[in-house]
Amino acid sequence: MNYIVYLSGEIHTDWRDKIKTAIKEHNLPVTLVSPVTDHEASDEVGSRILGNEEKPFWKDHKASKINAIRTNKQLSAADIVVVRFGEKYKQWNAAFDAGQAVALGKSLIVMHSPELTHPLKEVDAQALAVTETPEQVVEILQYICQ
């Protein structure tokens with residue numbers, strides 16, 4: 001069985017690359033998908049394609065809708081959703097993806113540091129696994145792929 005795994009959340013560290021490398025090393029039957037992780041490209045897509053906006057609200061509105069085309073499709077197609085919450089930014093989009101995953105009946109794995117346990121307790125309560133490292137995510141994938 002091949003699993004489609006959607007990697008959502010924090011885009012400022014190499015956690016996705018670590019998972020991708022380990023999946024290749026272990027030859028796991030896993031296809032990884034993710035949102036656009038180039039922050040500028042994601043933020044600017046609406047303006048670049050549909051034109052500039054005077055108000056930041058409308059600029060963000062256009063970009064988020066275009067990004068949602070990809071996100072909604074990938075979340076719907078995923079078997080497993082991994083959501084990484086980083087330290088630096090409030091990641092409302094990651095929390096939203098986690099909620100969508102649960103609403104769609106997807107298996108949710110959450111990844112974050114112990115310091116975020118309290119603020120993410122409701123998200124963690126819906127996850128099937130709460131991890132701290134990419135290596136733990138890979139170990140879960142290895143286990144389910146046996």
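The legends below describe several close-up views of a predicted model.

**View 1. The largest nonpolar core of the predicted model, with 18 residues.** The residues that have the most contacts inside this core are Val5, Ile19, Val30, Ile80, Val82, Val137 and Leu141. At least two residues of the core are supplied by each of the following elements: strand S1 (3-9), helix H1 (15-25), strand S3 (80-84), strand S4 (107-111) and helix H6 (134-144). Helix H1 gives the largest share, which amounts to 4 residues. Apart from this core lies another one, made of 16 residues, and Leu75, Phe85, Leu108 and Val110 are among them.

**View 2. Isoleucine 19 and the residues in contact with it.** When the neighbours within four places in sequence are left aside, isoleucine 19 is in contact with Leu7, Leu32, Met111, Pro134, Val137 and Val138. Isoleucine 19 is also one of the residues with the most contacts inside the largest nonpolar core.

**View 3. Helices H1 and H6 where they cross.** The axes of the two helices, H1 and H6, come within 9 Å and cross at roughly 35 degrees, and the crossing in which H1 passes H6 is right-handed. On the H1 side the residues that take part are Trp15, Lys18, Ile19, Ala22 and Ile23, and in H6 they meet Pro134, Glu135, Val137, Val138 and Leu141.

**View 4. Leucine 141, a residue of helix H6.** Leucine 141 counts as buried because its relative accessibility is 0%, where buried means under 20%. Leaving aside its neighbours within four places in sequence, leucine 141 is in contact with Val5, Ile23, Leu28 and Ile80. Glycine 99 is 42 residues from leucine 141 in sequence, and the C-alpha atoms of these two residues are 21 Å apart in space.

**View 5. Phenylalanine 85 in the loop between strand S3 and helix H4 (92-103).** Once its neighbours within four places in sequence are left aside, phenylalanine 85 is in contact with Gln91, Ala94, Ala95, Val110, Met111, His112, Leu116, Leu120 and Val123. Although phenylalanine 85 and glutamate 10 are 75 residues apart along the chain, their C-alpha atoms are separated by 5.7 Å.

**View 6. The salt bridge between arginine 84 and glutamate 10.** The structure holds 6 salt bridges, and in this one the side chains of arginine 84 and glutamate 10 meet at 3.5 Å, N to O. Arginine 84 lies in strand S3 and glutamate 10 in the loop between S1 and H1, so the pair ties together parts of the chain that are 74 residues apart in sequence. Arginine 84 counts as buried at 14% relative accessibility, and glutamate 10 is buried with a relative accessible area of 6%.

**View 7. Two further salt bridges, one formed by arginine 48 with glutamate 40 and one by lysine 62 with glutamate 53.** The side chains of arginine 48 and glutamate 40 meet at 3.1 Å, N to O, and both of these residues are exposed. In the pair of lysine 62 and glutamate 53, the closest N and O atoms are 2.9 Å apart. Lysine 62 is buried, with a relative accessible area of 13%, whereas glutamate 53 is partly exposed, with a relative accessible area of 36%.

**View 8. Aspartate 124 in helix H5 (residues 121-126).** Aspartate 124 is buried and yet has no salt bridge, since the nearest side chain of opposite charge, that of lysine 121, is 9.6 Å away, whereas a salt bridge needs the nitrogen and oxygen atoms within 4 Å. Leaving aside its neighbours within four places in sequence, aspartate 124 is in contact with Val110, His112, Thr117 and Val130.

**View 9. Asparagine 27 in the loop between H1 and strand S2 (30-33).** Most residues other than glycine have a negative phi. Asparagine 27 is not a glycine, but its phi is positive, at about 50 degrees. Asparagine 27 is exposed, with a relative accessible area of 67%.

**View 10. Aspartate 38 in the loop between S2 and helix H2 (39-50).** Aspartate 38 is partly exposed, with a relative accessible area of 43%. Isoleucine 11 is 27 residues from aspartate 38 in sequence, and the two are 7.8 Å apart in space, C-alpha to C-alpha.

Key
Residues numbered from 1 in each chain as written. Predicted model: local features only at pLDDT ≥ 70, side-chain atom pairs only at ≥ 80, totals over all residues. Heavy atoms only, no water. Core = buried A, V, L, I, M, F, W, Y, C linked by side-chain atoms within 4.5 Å. Buried < 20%, exposed > 50% of the residue type's maximum accessible area, 1.4 Å probe, protein only. Contact = heavy atoms within 4.5 Å. Lys, Arg positive; Asp, Glu negative; His and termini not counted. Axes fitted to C-alpha atoms, helices over the stretch in contact; angles between N-to-C directions. Left-handed = near helix turned anticlockwise from the far one by under 90°.
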